[in-house]
Structures are given as C-alpha cells and as structure tokens.
Amino acid sequence: MKLDSGACWRVGGTCVFAVMVAGLITASAFAQATKPPPVKLPPGVASPPPPSAAVPADPMAVPGFWDPRRRPERPDLSRINIIRFLTETDYPPFNYAGPDGNPTGFNIELARLICEELKVACTIQMRRFDTLISALNTNNGDAIIASIAATPEMRTRVDFTDPYYRTPARFVVRRDSPIEDVRPEALEGKKIAVVAGTAHEAYLKTLFTEAEVRPYPDADAARFALKRGEVDLLFGDGISLSFWLNGTDSGNCCVFRGGPYLESRFFGEGVGIAVRRGNDLLRQALNYALFQLWEKGRFTDLWLRYFPVSPY
C-alpha cells in the first residue's frame with residue numbers, strides 16, 4: 001500500500017527520487033529508451049530468413065517475452081537491502097520530466113512496480129546517458145533501467161535481464177491504400193520510404209529486392225513523403241511510428257499494415273535492465289519481478305496506458 005509520495009534530493013548534482021511503499025522506500029523515477037545509432041547490415045548476413053509477423057497485428061497487442069511454463073523461482077532476497085537504479089532523463093514516452101519536474105514515463109512506472117513486487121528499498125539517480133555504464137561499473141549504482149539495447153557489444157560490458165520489450169519494424173500505408181499484403185513478392189515495384197543508413201533500409205534491400213527502396217535523410221522526411229503520396233509505404237521503427245500515428249502530426253493519414261518484424265540480426269535482441277557482470281542474484285531478482293508483473297497483468301495494464309496504438 002502506498003503511504004507517501006516521492007521527493008527529490010540533490011545528490012552530486014543529480015536527483016534521487018523515492019516513494020514509500022509498504023513501509024519501504026521504492027523508486028519514484030525511472031528511465032529512458034534506447035538511443036541506437038543507425039545500424040548497417042551486419043557482417044556475414046547475406047540471406048536472413050524471410051520476414052515474419054511474430055505477433056498478430058492488433059491495435060491492443062502487448063508484447064510478452066515470458067514463458068508461463070518456465071516460472072522463475074523467487075530468489076533469496078535477504079542479501080538485497082536496496083536497489084540503486086540509474087537512468088537518463090529525456091526520452092519520452094519511456095522517461096521524461098513531468099509537470100512537476102520529476103521524471104515520469106513507462107520505464108519509471110515499471111521500475112516502481114518492480115520495487116513493489118520485490119518489496120525492497122529502491123532509489124533512482126539521473127545521469128547523462130553516456131555515463132550510465134561507467135557509473136554502474138564503478139559501483140555508483142546497481143542497475144540501469146534506461147532502455148539500453150542488449151547488443152553483443154554491450155553484453156561485453158554488462159549483464160542483462162530478460163527483455164521486457166523489443167523495437168519492432170513496421171510498415172505504414174495511407175488509409176486509402178489498397179495494399180493489404182506486405183510480403184516481398186507482393187510489393188514488387190512499390191515505392192517504400194525508409195530512413196537512410198538504418199537497419200530498416202538494410203532489411204528492405206536484403207529481402208524486398210523487387211521493391212523500389214527510397215531512402216530519406218530523417219524520419220520526418222520519410223513520413224512526409226508518405227503523407228504526400230510520393231511513396232506507397234513507409235518502413236521504420238514501430239514504436240516511434242505508433243506515436244506518430246496516434247499524434248496530431250500524422251493528421252490521421254495513415255495506419256499500420258501487416259504485423260511486426262522482429263528479426264534480431266537487424267532489429268536487436270530487445271531491451272532489458274542492465275546490471276554489473278556477474279551480479280546474478282540481482283539479475284534473477286529482477287527477472288522474477290518482471291515475470292510476476294506480466295503474469296499478474298500489471299505489465300499489460302502499464303503497456304496499454306502508454307501505447308494506445310500498439311507498435312506490435
């Protein structure tokens with residue numbers, strides 16, 4: 001039961017937030033989302049498997065990466081007295097400053113739920129995104145909930161929990177488009193907008209070889225090209241596209257077509273919570289909490305609040 005609301009304390013120029021939950025301090029501020037650089041075609045990837053929609057297209061679809069047949073056991077938490085979360089400050093909707101200046105967002109709310117589930121004391125400290133890993137590895141924090149992608153390179157520096165979301169790729173068309181089938185053979189000769197230099201461009205050029213791929217300098221230019229009818233489809237990051245479709249900038253022009261593309265060699269292995277390498281107890285505790293939140297429906301409730309147009 002929540003007993004009190006959070007406050008902000010200045011610690012070395014950063015804020016630490018907490019709320020009282022069941023008599024314990026739990027985090028009241030939490031996190032940011034992946035800021036991946038443009039991804040080129042991975043070396044050695046010449047012929048990936050055909051694209052597939054791993055999850056049916058559904059405006060209410062919620063990602064689930066947990067197998068109910070593999071229920072994690074609750075670890076011994078007696079050695080965990082506090083979890084010091086680290087995060088960065090500005091990546092809506094995953095984390096951003098609320099009207100009162102305190103951080104809010106999907107990751108922040110998820111961290112709060114984790115603390116409630118584990119019933120352990122938690123704090124959150126905000127730092128620049130580029131300092132998070134070094135702060136973790138110099139014991140200035142215990143876990144990073146900043147939507148850092150679990151890439152092979154990043155796994156050499158930190159360990160990750162199970163993923164709690166991935167960044168799917170999606171096709172978008174204008175509402176009046178007759179295009180229903182987005183398989184490669186069905187898009188022969190179709191003009192597809194994409195941001196130049198990204199994994200999305202590499203994916204199209206590898207699998208959609210008969211389509212006319214049109215790279216644009218940035219996401220805004222690619223979206224505007226679709227709105228104006230310069231192209232037949234747009235292919236890009238499903239999460240940012242879901243907010244564009246649900247916002248005023250799109251002018252209600254367009255809709256998703258087909259399901260999500262989750263090919264890990266192009267679009268990553270997903271986003272997890274980072275802990276120091278070898279800190280298996282904390283990693284297992286966080287995995288246990290994430291599973292419990294999903295099984296109880298609390299993760300689903302949180303997801304639907306932040307993603308009214310599902311990127312899945």
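Which residues touch the most other members of the largest nonpolar core? In this predicted model, where local features need pLDDT of at least 70, side-chain atom pairs count only at pLDDT 80 or more and totals for chains, interfaces and linings use all residues, they are I83, F85, F106, L118, Y164 and L286, in a core of 41 residues. Residues are numbered from 1 along each chain as its sequence is written, and side-chain values use heavy atoms, without hydrogens and water.

A nonpolar core is a set of buried Ala, Val, Leu, Ile, Met, Phe, Trp, Tyr and Cys residues joined through side-chain atoms within 4.5 Å; buried means under 20% relative accessible area, exposed over 50%, and partly exposed in between (1.4 Å probe, protein chains only). L286 is in contact (heavy atoms within 4.5 Å) with residues including I83, F85, L118 and I273, not counting residues up to four places away in sequence. A second, separate core of 22 residues includes A169, L187, L204 and L233.

Salt bridges (a side-chain nitrogen of Lys or Arg within 4 Å of a carboxyl oxygen of Asp or Glu) number 20. One of them joins E269 to R155, with the closest N and O atoms 3.2 Å apart. E269 is partly exposed at 36% relative accessible area, and R155 is partly exposed at 35%.
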